[in-house]
Amino acid sequence: MINKLLDYSFANQNNTVMVQNYMSRFLIETASDSFIDGLKKNLILRTQKSQDVYWNEFLSWFYVQQKEFGKAFIQEKAVFKREANNIENIIALGEMAVDNNQKDAAQSIYEFIIENNQDIGLQVYAYQALMKLKITNAEEKDYATIKTELDKLITDFGINENTVDLQLLVAHFYCFNLGLPKEATNLLDQTLALNLNTRNNAKVKLELADILLYNEKFNQAILYYVQVEDNMKNDEMAHEASMKMAKANYYKNDFDWALKQVKVLKQSSSLLIANDALEMFLLIQDNSVEDSLRSALKDFSKADFKLYQHKKEKLYKILNPFLLNTKETL
């Protein structure tokens, strides 16, 4: 059966996706080791016997189904050597490796894109993805090295319309990892002065608002969230801005206003935002019924804000007496 399917697919390459869809359903529904091993061995033999990149691409597809992105990358490199302009599949593979938390495979892929591509836009994208990966997996002792690397990238590629996402990453790292909100704000102010399209302008304002919120400038942050909400109507970014605004009001203890906002956001088309809104709605509502002064909610909000600021030591100081009181009550 495997041989017949692969022979048919090769002879009718316009139907490759149809064949792969059939095979993927069979892989999921049966999870048969014999079928998996048989398909893998058959594809490997075909890559060895034929110089046609079709079989490397098919084997790469198989490894992706098995979430073996490092092995898929080996096949995509073989394709790239013969078709040097074909880098789109490698880019997509890097994103899948990141989504599946396969750091080593993702790092190798992005390093390959940097070394084998002269397009400035793609180079910036790959460097940004690589640095984001490093930040995600970094410990505090690594921050100085990462800052040096990020600063060099800003120097090398400049502050312009093509490096907006890189600037956002650097600003976020400055503020939330290094605790340097002033430097982060200065960078984003330079970015806002550029001739940005509507979406990039909204992205920068969202990040700037997050940093203003970090710096406890609640009203200024809320103004930026409102601007994004107004400028990106019916877009998921508008819902994100609304949720961030609700959190800002929650952090500044304006619980009634936050409650009104999350009541609406519970119906958001974005499942993540709807879940976050429901969680906040229940938190505020449940802690307002028997405690009219909302004392416990204020303590929890204060602790939650320290968590947002990545200030763990201050968070523990707030939570320790709160937990002790809870224990005594129980």
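How many nonpolar, polar and charged residues does the lining of the second largest pocket have? By class, there are 6 nonpolar, 4 polar and 2 charged residues; Ala, Val, Leu, Ile, Met, Phe, Trp, Tyr, Cys and Pro count as nonpolar, Asp, Glu, Lys and Arg as charged, and the others, Gly among them, as polar.

**Before starting**

This is a predicted model, in which local features need pLDDT of at least 70 and side-chain atom pairs count only at pLDDT 80 or more, while totals for chains, interfaces and linings use all residues. Residues are numbered from 1 along each chain as its sequence is written, and side-chain values use heavy atoms, with hydrogens and water left out.

Colour the model by pLDDT, the predictor's confidence in each residue, from 0 to 100. The protein averages 91, and 93% of the residues score at least 70. Where pLDDT is low, the predicted coordinates should not be read in detail.

For the second largest pocket, select Glu-140, Tyr-143, Cys-175, Phe-176, Asn-177, Leu-178, Gly-179, Tyr-214, Leu-307, Gln-309, His-310 and Lys-312, which line it. The space in this pocket is about 340 Å³. On a 1 Å grid over the protein atoms alone, a pocket is an open set of points where a 1.4 Å probe fits, with protein on both sides within 12 Å along at least five of seven lines; lining residues have an atom within 4 Å of a point. Grid points are joined across faces, edges and corners, and a volume is the space filled by probe spheres set on the points.

Move to the largest pocket, with about 1,600 Å³ of space. Its lining comprises 50 residues, of which Lys-132, His-172, Glu-207, Glu-240 and Lys-244 are the closest to the centre. In this lining, 25 residues are nonpolar, 9 polar and 16 charged. Helices that each supply at least two lining residues include H6 (88-99), H8 (120-136) and H12 (198-214); helices are DSSP runs of H or I, at least four residues, numbered from the N terminus. H14 (236-251) is another of these helices, and the largest share of the lining, 8 residues, comes from H14.

**Around H14**

Select Lys-247 in H14. Lys-247 is partly exposed because its relative accessibility is 30%; buried means under 20% relative accessible area, exposed over 50%, and partly exposed in between (1.4 Å probe, protein chains only).

Next select Gln-261, in helix H15 (residues 255-265). Gln-261 is buried, at a relative accessible area of 13%. Leaving aside residues up to four places away in sequence, Gln-261 touches Met-245, Ala-246 and Asn-249. Its side chain makes a polar contact with that of Asn-249 at 3.1 Å (a pair of N or O atoms within 3.5 Å; within protein, one must be able to donate a hydrogen and the other to accept it, and residues adjacent in sequence count only if both atoms are side-chain atoms).

**Two loop residues**

Most residues other than glycine have a negative phi. Asn-101, in the loop between H6 and H7, has a positive phi of about 60° and is exposed at 66% relative accessible area. Asn-234, in the loop between H13 (218-231) and H14, has a phi near 65° and is exposed at 82%.

Methods. Contact = heavy atoms within 4.5 Å.
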